[in-house]
Amino acid sequence: MARLRASAVNRVSQMDPTQSFEAFVERIEPSLRRALAGHLPPDDVADAEAEAFAFAWQHRDRVMAMENPGGYLYRVAQSRSRRRKQGFLPWASDARVPEIEPGLPGALAALSPLQQRAVWLVHGCGWSYGETAEALGISASTAGSHVSRALERLRDQLGVVEHG
């Protein structure tokens, strides 16, 4: 694994820094935007992304060689936009979102902030437990526990019966 990372660092250092960083941003930006949209008001997402990518540019050699740079930049964006007290769920007011269970926003709001973030990152953004754990500063098993408990609570609140 270390040899693969060293190889990636060598390839990055041989490329034009601007071109390789642009490719990096194109690869990371969509998932970072989705992740931030689950925790910030829509008007703050672009600023948080800009802060994260400005940091990434300043520390590009280190950030681009990371195993999970998206998770790391998610944490950078979060810490640089901390003025809010609680997460923001975009579907609570976004008319462009497809139809959902009417009780879902309220049920999600009743979860702990950490459970909300874990469920959003795993099920809303398609992140693995490991990526979610790194972004939230917890272990992968703790991320899995938060997601599992949150889903159980959501099922209870929404009256979902599992068959099987």
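Q: Leaving aside its neighbours within four places in sequence, which residues is L32 in contact with?

A: Contact means heavy atoms within 4.5 Å. By that rule, L32 touches E49, A52, F53, G70, L73 and Y74 once neighbours within four places are set aside. Keep in mind that this is a predicted model, where local features need pLDDT of at least 70, side-chain atom pairs count only at pLDDT 80 or more, and totals for chains, interfaces and linings use all residues. Residues are numbered from 1 along each chain as its sequence is written, and side-chain values use heavy atoms, leaving out hydrogens and water.

Q: Which residues have the most contacts inside the largest nonpolar core?

A: A nonpolar core is a set of buried (under 20% relative accessible area, 1.4 Å probe, protein chains only) Ala, Val, Leu, Ile, Met, Phe, Trp, Tyr and Cys residues joined through side-chain atoms within 4.5 Å. Here the largest one has 28 residues, and F24, L32, L36, L73, Y74 and L121 have the most contacts inside it. Another core, of six residues, lies apart from it, and includes A107, L108, V119 and L154.

Q: How many helices and strands does the chain have?

A: Helices (H or I, at least four residues) and strands (E, at least two) are DSSP runs, numbered from the N terminus. This chain has nine helices and zero strands.

Q: At what angle do α7 and α8 pack?

A: Axes are lines fitted to C-alpha atoms, for helices over the stretch in contact, and angles run from 0 to 180 degrees between N-to-C directions. Helix α7 (residues 113-124) and helix α8 (residues 129-136) pack at about 140°, with axes 9 Å apart. The contact uses L114, R117, A118, L121 and V122 from α7, plus Y129, T132, A135 and L136 from α8.

Methods:
Buried means under 20% relative accessible area, exposed over 50%, partly exposed in between (1.4 Å probe, protein chains only).
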